[in-house]
Amino acid sequence: MVFSFTMNQPIIPPFSLALVIAALTLVGCSTKPAAQNPKPVGGPDPREIPVPPIATSMGSLPGVNELPVRAELPDVMVMNDGTRVRTSEQWEKRREEMKRILEYYAVGQMPPPPGNVRGSEVQSQLVLDGKVKYRLVRLTFGPDEKLELYIGIFTPTGAPGPFPAIIWQSPEPPGGPRLPHSPPGPNQGRGADVLLIVGRPANGGNPRVSTTRAGRPTVVTAEQIAKDRSDLFGRGYALVMFNNNDCAEDTTLRELDGSFTFRHTRFYPAYPGYDWGILGGWAWGASRVADYLQTDPSIDGSKLIITGASRAGKSSMIAAAFDERLMGAPVVTGGGGVGAYRFAGADGSESLDAMQKKYPNWFSPHLHKFWGQREKLPFDEHWFLALCAPRPFIALEGDADTISLPEAVEQSIRAAWPAYEFFGVKDHLGVHYSHHAHDFTAEDWTAMMDFADKNLRGMLVQRTFDQFLTPAEREAARAAAKNSSRPSGMMMP
C-alpha cells in the first residue's frame, strides 16, 4: 500500500518542513508501507510524528517527569492539600479537583454546555402493533446553532409517562441521515502505533465516504429495534438512541500537519480551543441529548441512564462522571474504562500502553506521555466512578471477555466505594457479570434495568450487584465460550 500526501481538504495551519521530511522518511516510495514494528518498552516510540498541541484555558498541570511514582490508587476522599473529606462542602471541592485532573490528563478539555439545545420532530410512527411510539428528532445547538444531532426516541403507549429513559450510543437512529465519514487511519485496528504515520492511503479514494461496517445491516428499522427491546418498553422505560460517530468520527487518520482528522469534522471545528478526545466528544454529545430530554414531556428528566458498549462504554462512563443528570451503565469497557490502569494489562487485557499505542486520540493528548509510566498517573479510573456518587452506577461486564481484567474492575469499584459510603448508599455502585465475551446482550439490558429499578426508581428488587469475578470463574467462562455459540445482543457501535 502506498500512502498519498495529497491535500484532500483545507487544513488549519501550514505544516512544517520537519514534519514532511519525517512523514516521507516513514512512508518512503515503495508499494508497501515501511516496516513499523517498534517494540517500545518504557514509553512512546521516539519516531512518532508529534500531534500539534492545542492551547486551552486550563493552562498547564505537572508533566509526567514532575510527578511522583504512586503504586497505590489515589484516594478519592483526600483533597489535593491532603485534607480528608468530611463535609458536603469539602466533597464538592474534591469533585471539582478530580474533574479538573481527569479533564486535563484523561479526557481533554470539553466545551461548556452550549445552553441553546433545541429539538424539532422530523417524523413519528407507531410500532410493535401500536404499543410503542417512535419519533425522530433533530437537535440543533452550539455556536450560531450550526451543530446538529439526530436522536430516535421510543416510548411506550400503554401508560401516560413520563418514562425513565435509557440513552444508548448506537447505530444511526431509524430515518436519520447517514453522514459521510473519513476513512480509517492507514494502520488503524492493527495493534500498531498510529502516531508513526500521517496522511491517507493512496487508494483511499474519496476522503469523505459513506459506508456501513462489515456485517451491519444497511437499514435498521424502528420496528426491528422496538421488537428487539420489547422487554424494555414492557417495564416502562423509554429508549433514546444516537450515533456517537455523528459527534466525533472514530478514526485515527491524520492530516499532513500531524493533527487528527477528527478535529476537522463534526463538533470539533466549532470549538478549536479545546483538546477533548473522541471519547469526550461522545460524552459531550450524550449530555446534549440529556439537555433536550429535560424538555420532553414524555421523558422523566430525573431518571436518565447512559449506556454503550466497549469504546462507547468508556464514553458512557465519562458522561456519567461529568453530567450529574445521568446514571452510568457502561458495558465491557476494557482499557480506559472502568478497570484501574494500575492493575490492567495482565492476561491479555487492555492496558494504558495498548490504548496509547492504538487509539491515543480517544483521550486527552496529555495522557500519551504516561505510556510505560502508569504509576505516575495523578488519578486512576475509579475517579470517574466516584464522581457519580451518590447517583447509581453499574459496571456491566462479560465473564468471558478478554478485554477487561476482572481484578482491575474490582480494584476500581472498591476504591470508589468510599465516595458512595460517604452518602450512605454503597449499593448505588455495583457490578454485574453476564455470561458472554466482548458483547452487549439481553442479559446486560436486564441487569441494567433491574439495577435502575432498585436504585433509581426505588422499586423492590431482591438481587444484589456486588459480586466480583474470580480468576477461576473467568477461566471457566472463557473455556465454555470457546465450546459454545452464545447468542449476541444488539450490535455494538
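The following questions and answers concern a predicted model.

Q: Why is Asp323 called buried?
A: The relative accessibility of Asp323 is 7%. Buried means under 20% relative accessible area, and Asp323 therefore counts as buried. Its place is in the loop between α6 (311–322) and β9 (326–331).

Q: What makes the link between the side chains of Asp323 and Arg325 a polar contact?
A: The two side chains are joined at 2.8 Å. A polar contact requires a pair of N or O atoms within 3.5 Å, and the pairing of Asp323 with Arg325 counts as such a contact. When neighbours within four places in sequence are left aside, Asp323 is also in contact with Ser287, Ala290 and Arg391.

Q: How do you know whether Ile305 is buried or exposed?
A: Ile305 has a relative accessible area of 0%. The limit for buried is under 20%, so Ile305 is buried. This residue lies in strand β8 (residues 299–309).

Q: Which residues are in contact with Ile305, leaving aside its neighbours within four places in sequence?
A: They are Ala165, Ile166, Ile167, Tyr237, Met327, Ala329, Met448, Ala452 and Leu456.

Q: Why is strand β4 described as largely enclosed by the rest of the structure?
A: Strand β4 covers residues 147–156, and nine of its 10 residues are buried, so the description applies.

Q: How do you know that β4 pairs with strand β3 (residues 132–141)?
A: Two strands pair if at least two bridges are found between them. β3 and β4 are joined over 10 bridges, in the antiparallel sense. Within this pairing, Leu136 stands opposite Gly152 in β4. The two strands form a hairpin with five residues between them, and Gly142 in the turn has a positive phi of about 85°.

Q: What joins β4 to strand β7 (residues 238–242)?
A: Three bridges join these strands, which run antiparallel. The requirement is at least two bridges, so β4 and β7 count as paired. Here Ile153 stands opposite Val240 in β7.

Q: Which residues touch the most other members of the largest nonpolar core?
A: Of the 91 residues in this core, they are Ile151, Ile167, Leu293, Phe379, Phe384, Phe393 and Ile413. Helix α5 (residues 278–293) gives the most to the core, with 10 residues. Another core, of 34 residues, lies apart from it, and includes Phe154, Leu232, Met327 and Leu456.

Note on methods. Residues numbered from 1 in each chain as written. Predicted model: local features only at pLDDT ≥ 70, side-chain atom pairs only at ≥ 80, totals over all residues. Heavy atoms only, no water. Core = buried A, V, L, I, M, F, W, Y, C linked by side-chain atoms within 4.5 Å. Buried < 20%, exposed > 50% of the residue type's maximum accessible area, 1.4 Å probe, protein only. Helix = DSSP H or I, 4+ residues; strand = E, 2+ residues; numbered from the N terminus. Polar contact = N/O pair within 3.5 Å; in protein donor to acceptor, adjacent residues only side chain to side chain. Contact = heavy atoms within 4.5 Å.
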